[in-house]
Amino acid sequence: MLRTKEVRVGENTLVVETGKMAKQADGAVTVRMGDTVVLVTAVSSNSPREGVDFLPLTVDYREFAYAAGKIPGGFFKREGRPNEKETLTSRMIDRPLRPLFPDGWNCETQVIAMVLSTDQSNDSDVLAITGASFALGISNIPFATPIAAVRVGLNADGDYMINPTFEQRAESRLDLIVAGSDEAIVMVEAGAKEVSEDEMVEALERGHAAIKEILVVQKELIAEIAPVLRDVPKKAEPEGLAEKLLAEWKEPLADAMRHKGKIESYAKVDALKKAMMESFEDDQAEEKQFASSYWHHIQDIILREEVMNVGKRLDGRAFDEIRDIDVEVGVLPRTHGSALFTRGETQALATVTLGTSADAQRLDWIEGESERRVMLHYNFPPFSVGEARFLRGPGRREIGHGALAERALMPVMPSQEKWPYVVRIVSDILESNGSSSMATVCGGSLSMFDAGVPLKAPVAGIAMGLVKDGDNAVIMTDIAGAEDHHGDMDFKVAGTADGITALQMDIKIAGITRDIMSRALQQAKDARMHILGKMAEGIDSHREDISKFAPRIITIQIDKDKIRDIIGPGGKMIRSIVERTGCKIEVQDDGRVDIASNDEDAAQHAVDIIKELTAEAELGKTYVGKAVRVVNFGAFVEILPGVDGLLHISEIAEERIEEVTDVINEGDEVVVKVIDIDGQGRVRLSRRAVLRDKQRGEGGGDDSGSEGGGERQEHSRDRGDRGGDRGPRRDGRGGDRGGRGGRDRGPRRDGRGGGGGGRGGRDRGPRRDGGGGDDRGGDRGGDRGGNNDR
C-alpha cells in the first residue's frame, strides 16, 4: 500500500513515500526534497550471528551517475569503489543509528541508501540519514528510537538556515549536520568559519527544533504501518556469575586500568582476562562466553565509579587537565614542511608538500565537477597501537579522521589569489592513545607554518569525553583511549582563538542536552587556548620563505584576450617559453598565469617574456620600435610584440619632409612616443614629440651616455632612432646619415654646446653609386650636438 508523508523543512518540503519501491526489503522509503530523491532500505537476517558480542550493522550510501544525467568516466563506464563523500556519508548514517539498537541484537543488519535523482541544489546526505530511520522504523527490526537529521547554515547577516542549498552553503559561515531524537541530539558533524560557541549552540538548537517536526510525521507513518517487531534474543546469564566476577576481578582490573602507561596497562588488563578465562573448567563453555562479554562491562563500571564516586580519572588527572604537549617543527630535512606533535601518548607526524595547480585533485561527483587544492590524508599504521597486522589502504575511519582535520584547517587557508600553491598534508600517527584526529589538526597547522603557508591563524583541536549517570554529567578534557572506549561521548572541537572551525560528536547513550553541549564547548575552548599557547612556543607564524626544495610560483594576471598570445598556434609559443626557461607554466581561463620553477631567475625570465608578449601600449610612454611597413603617409612601427602604431609623416621630424623614406625605411629602429589610443585600440605615434622632449632637456644629459641622459627606457632595444638624413641616396642625392640620435651626452665640461647626438656627423660619404668618398670619421659631433640631438 502506497503511503506518503510531507513536512515543511526550512524553505522546502520533505516528502517520504513507502510501498512503491523495494517492497521485499524489511523496510524501504524514498525521501525527496526538490528533485533530489534517495531510496533507503533496511534488511536484517532472520537468525543471530553466532559468537559475536557487537552489533553487526552495515551501512552503505551510494551515488549513481544517472541521478545527475551523467555517464561514468573510465574504461568500464560504471560506478566503481565509493568516493570520499559516499564513505563519509555512510559513516554519518551509521553513527547516530548504532547506539540506538537494543543490547543483544546480533542479527546481521544492513542499511543501503541510493541516490536516484539529484537537482544539484539539495544535498542528499541528510535525506539519507533521515530515510534510514524511516526505513528501520517501519520494518520489523527492533529500532525503537526514531531519529532525523538536518543541515544548518548561518549566513553573513546572522540568519540560520535549515537545509540550505549548495548555493546558500557557499556563502554560509557554518555547515552543520545534526541528528537527534525527540529528547536529545545524538550526532553532530560541522565545519565552520570561526563561529562562536554561542552561535554553535544556537545552531544546534535550531536544528533540533526542525528534527522534532520531522519526527512527528515519522511516528505517524510508523503508527499507520504498525510493524510487529522481532524479539531481541536474551543472552543466557549463569546465575550469580556476574556478582562472582565483580567480586573477584573488579579490584585487580581497576588497578591495571589505573596504570599510567597505555601499553603496560593494556598488557595487565589482557593478562587478567586470560587468567579469568583460565579459571573456568573446560566444560563451562556457557560461563566462559558470558564472562568474556561481561569483561568489557566491568571496565565500564570501573570507569564510571572512578569518575562519579572517586572524583578523578583513571590516570589521576583532573577532569579539565591536558596531558603534556611537545611541539617540534622542521623535523625532516627534505620535506617542504614538517612537524611532530605529541600529546601524552598520542603522536602525529605531519608533513606538507607544495605543488602547482596541476596537482589539484579533480572531483567529479553528482553535484558537479570541482577542484580540491588542499588535501589532508590521515594514516594509522598498526605499530601506533603496538599491533602487528596487514598494512592496508585507508579505511572508513582513516578517511573520516582525515576529512575532519581537513575541514578544521580549511577556513584559515589563504585564498588562491594570495597563495597559488596546492597543499597536501599527510598525518602519520606514530602513537595513539586518544584523539589522533585532533593531534592531526595541531600537527597540520604547525607543519604548514613550517612550510611558509600564510595561514590566517593557527588551529588546535581537542577531544572531550562524558560520563553520565542520571542527571549527573562529568565532562572530561583530552580523553585517553580507555575514556573513549568506556565513556558515553566522544566530542571533538577544533578552532582558532577566535572561534570554532570543526566539530564532531558521537555518543553511546540516548542523547545529550543543550546544557551539556554548552558546558562541553566552553571547556573545549579553554583547552584549545592552552594548546594554541603550546603550539606558539614551537612556531607562532608562518616562515617568511618556503623551502628551497619547493617550487617557486610567481603569479601574474593578464587580459583574457591575451591568452592566445601566450599559448600561440597549437601551443607553439608556450612550449617555446617552457623550453627556454625550464619553468612549468599554467594559464587559467580567467587570465591568471602561474609560473613555477625551483630557479627564481628562470621564473623571472619567464615572467618577463610573458609580460612582453602581453604588454599594451601606454599613452605618453616612449618606446623603441621597429618600422615594419612604410607607406606614403607614414610608417607602421611595432612598439611591442604584436602591437603596431601609426607614425604619420607629419610626426616624423620637426621640419617638413617630402618622403617618409628620407628618414625611415623598413627595418629601422625608431624612438617614438604614444600620443593617442582611440576607442578601437589603434595607436598613434610621434617621433617629433621625442625630439622636442630632448630639445627641452627633459631627461637631458648626464655623463653616463645613457639614452637621453635620464633613466634608460624599459625596453632592451631602446637605443634611440637613427636621426638625421641617411646620407646620399643611390641616385646621388646628398645628406649625411647622422648618428644614433638620442645619445645626448649633455653639456661639455667647458660649458660649450648642448647635448650631443652620439656619433654625430658620421658621414659615410657617397653611396655605392660613386657619390663621394668613404669617410666614416667626418666630424664626430663637433659641438656634439647639432641636428643629431637624440
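Reader: What do the buried residues of α7 pack against?

Author: In this predicted model, they pack against α5 (241–257), α6 (262–278), β18 (460–469), β19 (472–477) and α10 (481–486).

Reader: Which residues of α7 are buried, and what makes a residue count as buried?

Author: The cut-off is a relative accessible area under 20%.

Reader: How do you know what span to expect for helix α7?

Author: The expected span is 1.5 Å times one less than the number of residues. Helix α7 covers residues 285–310, which is 26 residues. That gives an expected 38 Å. From first C-alpha to last, α7 reaches 36 Å, close to that value.

Reader: Where does α7 bend, and what follows the helix?

Author: The bend is at Tyr294, by about 30°. After α7 comes Gly311, with a positive phi near 85°.

Reader: What about α5 and α6: why are they called roughly antiparallel?

Author: They pack at an angle of about 160°. The cut-off for roughly antiparallel is over 145. The angle passes that cut-off, so α5 and α6 are roughly antiparallel to each other. Their axes are 8 Å apart. This crossing is right-handed. Leu245, Trp249 and Leu253 of α5 are among the residues in contact, as are Val269, Leu272 and Met276 of α6.

Reader: Is Ala22 buried, exposed or partly exposed, and how do you know?

Author: Ala22 has a relative accessible area of 34%. Buried is under 20% and exposed is over 50%. The value lies in between, so Ala22 is partly exposed. Ala22 is in the loop between β2 (12–18) and β3 (27–33).

Reader: What makes the phi values of Ala22 and Ala226 worth a look?

Author: Phi of Ala22 is positive, near 50°, in a residue other than glycine. Ala226 is not a glycine either, yet has a positive phi of about 50°. Ala226 is in the loop between α4 (197–225) and α5.

Technical notes
Residues numbered from 1 in each chain as written. Predicted model: local features only at pLDDT ≥ 70, side-chain atom pairs only at ≥ 80, totals over all residues. Heavy atoms only, no water. Helix = DSSP H or I, 4+ residues; strand = E, 2+ residues; numbered from the N terminus. Bend = angle between axes of the 7 residues up to and from the residue. Contact = heavy atoms within 4.5 Å. Axes fitted to C-alpha atoms, helices over the stretch in contact; angles between N-to-C directions. Parallel < 35°, antiparallel > 145°, perpendicular 65-115°, else oblique. Left-handed = near helix turned anticlockwise from the far one by under 90°. Buried < 20%, exposed > 50% of the residue type's maximum accessible area, 1.4 Å probe, protein only.
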